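Thank you for making time this morning.

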Amino acid sequence: MFRGVDFYGIDELLTDEERLVRNSVREFLEKEVEPLVVDAWHEEKPLNFRELGKKFGEMGMLGAFIPEEYGCPGMNYTTFGLICQEVERVDSALRSFVAVTSGLVMYPIWRYGSEEQKKEYLPKLASGEIIGCFGLTEPNHGSDPGSMEMTCRKDGDEWVLNGTKTWITEGDIADIAVVWARDVDDGKVKGFIVEKGTKGFTQQAITKKGSMRAGGVGELGFVNCRVPEEQRLPEALGLRAPLSCLDQARYGISWGAIGIAMDCYETALNYVKEREQFGAPLASYQLVQEKLVYMLIEITKAQLVSWRLGRLMDEGKATPEQISLAKKNNVKVAREIARMARELLGANGISLDYSPIRHMANIESVYTYEGTDDIHTLILGRAITGIQAFRRELKR
């Protein structure tokens, strides 16, 4: 079983329960999931998340931080982070499924939903009985959700939704979609739970992807789609609601990126210790050791960032800016380490027999979604200067 990378003894900072959950998830993934990933990625035939979702549910991997009263694990955010680390070490599509289900579907229902909605949907999502997706990104608006074009309009006891959402994880197969639309009357962003099969609601897969090929991505269409008032998230009023959900997913990504970096580092380290060139192992050369040392240092720093952020999340003290720092730093580190590992493997680095080339492709999606690297730079810039640089008036 994978031993992990722990140069600073960070395991000692974890509780016995946190280590137990991580090790159990690691063992389960290596035995039952990892062997399925390469073919699914190569052929772009998404993993069977109907089946995997139920197994993840049995392991307590979905909605880990949601209270037990709603049929959820009731664990802490640090444990959720460790779960994300382990699933992304295998493949980013797995972490996307876990993080979207937990942070983008279950969290908004728990945080902004009615008691009836919580009792209806949360236990089913936690067990993997149903699959959910999160509809925020639109064809013309990714980094700028404030310019949302999808609309909602109250008509009696129903809401009429019109618009399109795209690049939606599991959007092609989801049983429910948590979607966001702008009210044409008051201009406020509101959230809705739309069930599969609702008239006027369509789901379509997006294929021919060069990244995240082991998981499904889809487009959601709404044409005069009517949903009852009971399906609106009553506490979600304004753009702050969906943005708070993104913070949950970004937190999970910060840990998932560590999983990618660790896997690439270990793969490269084992390879260069065995591979000989010019009569000696590659690991004996200074240029190779420099790359390995860089990887180890950056992984260790990323681990400390996410561990501290996890404790802040557990205490309810984490800020969106602190989450942005972790997402930005750790994904950038994972991206660099995946590329370095590919280099160290030489020509074999482009073979899917080794994981770095797959991680390299996947990390490009992770680098972009839940806030691009540039967007997180602007979030942090605003925090330290007090000046927002997202939008500027242009003189004509």
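A word on terms before the first residue: helices (H or I, at least four residues) and strands (E, at least two) are DSSP runs, numbered from the N terminus. Please also keep in mind that this is a predicted model, in which local features need pLDDT of at least 70, side-chain atom pairs count only at pLDDT 80 or more, and totals for chains, interfaces and linings use all residues. Residues are numbered from 1 along each chain as its sequence is written, and side-chain values use heavy atoms, with hydrogens and water left out.

Let me begin with Pro 46, which sits in the loop between helix 1 and helix 2 (49-58). Pro 46 counts as partly exposed because its relative accessibility is 40%, where buried means under 20% relative accessible area, exposed over 50%, and partly exposed in between (1.4 Å probe, protein chains only). Leaving aside residues up to four places away in sequence, Pro 46 touches Arg 213, Ala 214, Gly 215 and Gly 216, contact here meaning heavy atoms within 4.5 Å.

Ile 109 belongs to helix 4 (residues 92-112), and with a relative accessible area of 0% Ile 109 is buried. Again not counting residues up to four places away in sequence, the residues that Ile 109 touches include Tyr 121, Leu 125, Ile 176, Val 178 and Leu 233. The C-alpha atoms of Ile 109 and Phe 2, which are 107 residues apart along the chain, are separated by 35 Å.

Now to the overall division. The domain assignment gives domain 1 (10-131), domain 2 (133-237) and domain 3 (240-385), with bounds that come from an automatic or database domain assignment. Between domain 2 and domain 3, the C-alpha centres lie 31 Å apart, and 11 residues of domain 2 are in contact with 11 residues of domain 3.

UniProt, in an unreviewed entry, places "domain: Acyl-CoA dehydrogenase/oxidase N-terminal" at residues 15-129; its positions are given in the numbering used here, feature names are shortened, and annotations may be inferred rather than shown by experiment. Over residues 15-129 the chain is 75% helix and 0% strand. The unreviewed entry also has "domain: Acyl-CoA oxidase/dehydrogenase middle" covering residues 133-225, and over that stretch the chain is 0% helix and 53% strand, with end C-alpha atoms 17 Å apart.

The whole structure has 1 cavity of 30 Å³ or more, and its lining includes Ala 257, Ile 299 and Asn 330. Helix 6 (240-274), helix 7 (286-314) and helix 8 (320-344) each supply at least two residues of that lining.

The second largest pocket holds about 200 Å³ of space, a volume being the space filled by probe spheres set on the points, with grid points joined across faces, edges and corners. Of the 15 residues that line this pocket, the closest to its centre are Val 5, Asp 11, Arg 22, Gln 85 and Gln 303. Why does the second largest pocket lie between domain 1 and domain 3? Both domain 1 (10-131) and domain 3 (240-385) give residues to its lining, so the pocket lies between them.

Technical notes:
On a 1 Å grid over the protein atoms alone, a cavity is a set of points where a 1.4 Å probe fits but cannot get out, and a pocket is an open set with protein on both sides within 12 Å along at least five of seven lines; lining residues have an atom within 4 Å of a point.
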